[in-house]
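Work through the exercises below with the sequence and the 3D structure side by side, and try each task before reading its solution.

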Amino acid sequence: MTIRVAQIGTGNVGGHALTQLITDPRFELAGVWVSSEAKAGKDAAELVGLADATGVLTTNDLDEILAAKPDCAVYTAMADNRLPEALEDYRRILSAGVNVVGSGPVFLQYPWQVLPPELVDPIETATREGGSSLFVNGIDPGFANDLLPLALAGTCQSIEQVRCMEIINYDTYDSATVMFDVMGFGKALDDLPMLLQPGVLSLAWGSVVRQLAAGIGIELDEVNETYERVPAPDDFDIASGHIAKGTAAALRFEVRGIKNGEVAVVLEHVTRLRDDLCPEWPQPAQEGGSYRIEITGEPTYALDLCLSSPNGDHNHAGLVATAARIVNAIPDVVAAVPGIRTTLDLPLSTWKTAVR
């Protein structure tokens, strides 16, 4: 039996999710919500460049989506700069009895001890009222720093530290909102963007650190953060816009979980806008970028994850992976016990229909 699924948001991640929902025989497309009037009223296939019409027209009215009574919704709408609205969307959808898989807000990956109760409680109440489940994941936060490190940890006799790293050139990532407003690239170094406001890094990626700690059986004493920004040596352009000389062009940060005074779990990002910036920082395992997992223990591991695609570069592949991770989880989320579900709760999601 196919699962009726609605798509919420059709941007960088949502477009790839929508493509899979249309072409994957496990799913029946029940509706598509879009953020703008310009996209409304179009056939879903038109938005993602597919030739065969679906008969499903897009809407910017969430009530129309809920009236279609889908079994599940894929939530990929922009959340970083509209957190209250995104959380209210989740509450409405879940309380209506619709399960949800999503790519953000990222702290919903594992919100306990990360979000204050006044933000978590309405979501958990909605899942109880609707008998629905929520799973937020992707690649980062997501399988690059939950599924893969936990799989490696399961083969260790002892562990001193787990470190998950994203080492990527973001020059082809086309989202001015994320690049400039959220991450602060192209801004003066004394202009703190949203991501670097005190506590925001620990809010955004604290879910990674807390879940890894729970997965290896430790309770952290605290989570802290640190970052470093480096200016552009000259003017240059990226997919999202212009980077002026002297403005932020590279960013390195860590979110660290502390146990007994020692750093036990680390989420680290090394982000450049040009390959030649900060050569002394960790380098990717392939041109453009990669993910790395380092476990210090018995045994010790270093695992490099390299993404590529016949249809684009490493950033394109990461967007597809983010979408596929949550779409492939839909059957397990629909079958799950109501509540906020995490990688620690769900079975391994695999592509079970066909090898294409």
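**Exercise 1: an arginine in a loop**

Task: find the polar contact that joins the side chains of arginine 26 and aspartate 24, and state its length.

Solution: The side chains of arginine 26 and aspartate 24 are joined by a polar contact of 2.8 Å, where a polar contact is a pair of N or O atoms within 3.5 Å, one of which, within protein, must be able to donate a hydrogen and the other to accept it, and residues adjacent in sequence count only if both atoms are side-chain atoms. Arginine 26 itself is found in the loop between helix 1 (14-23) and strand 2 (27-33), helices (H or I, at least four residues) and strands (E, at least two) being DSSP runs numbered from the N terminus. With a relative accessible area of 15%, arginine 26 is buried, since buried means under 20% relative accessible area, exposed over 50%, and partly exposed in between (1.4 Å probe, protein chains only).

This is a predicted model, in which local features need pLDDT of at least 70 and side-chain atom pairs count only at pLDDT 80 or more, while totals for chains, interfaces and linings use all residues. Residues are numbered from 1 along each chain as its sequence is written, and side-chain values use heavy atoms, with hydrogens and water left out.

**Exercise 2: the span and bend of helix 8**

Task: decide what span helix 8 should have, and where its kink is centred.

Solution: The expected span is 1.5 Å times one less than the number of residues, so the 16 residues of helix 8 (residues 200-215) should span 22 Å, which agrees with the 23 Å between its end C-alpha atoms. After helix 8 comes glycine 217, whose phi is positive, near 80°.

**Exercise 3: a charge over a ring**

Task: which ring does the charged end of arginine 274 sit over?

Solution: The charged end of arginine 274 sits over the ring of phenylalanine 236, 4.8 Å from its centre; the rule asks that NZ of Lys or CZ of Arg be within 6 Å of the ring centre and within 35 degrees of the ring normal.

Note on methods
Bend = angle between axes of the 7 residues up to and from the residue.
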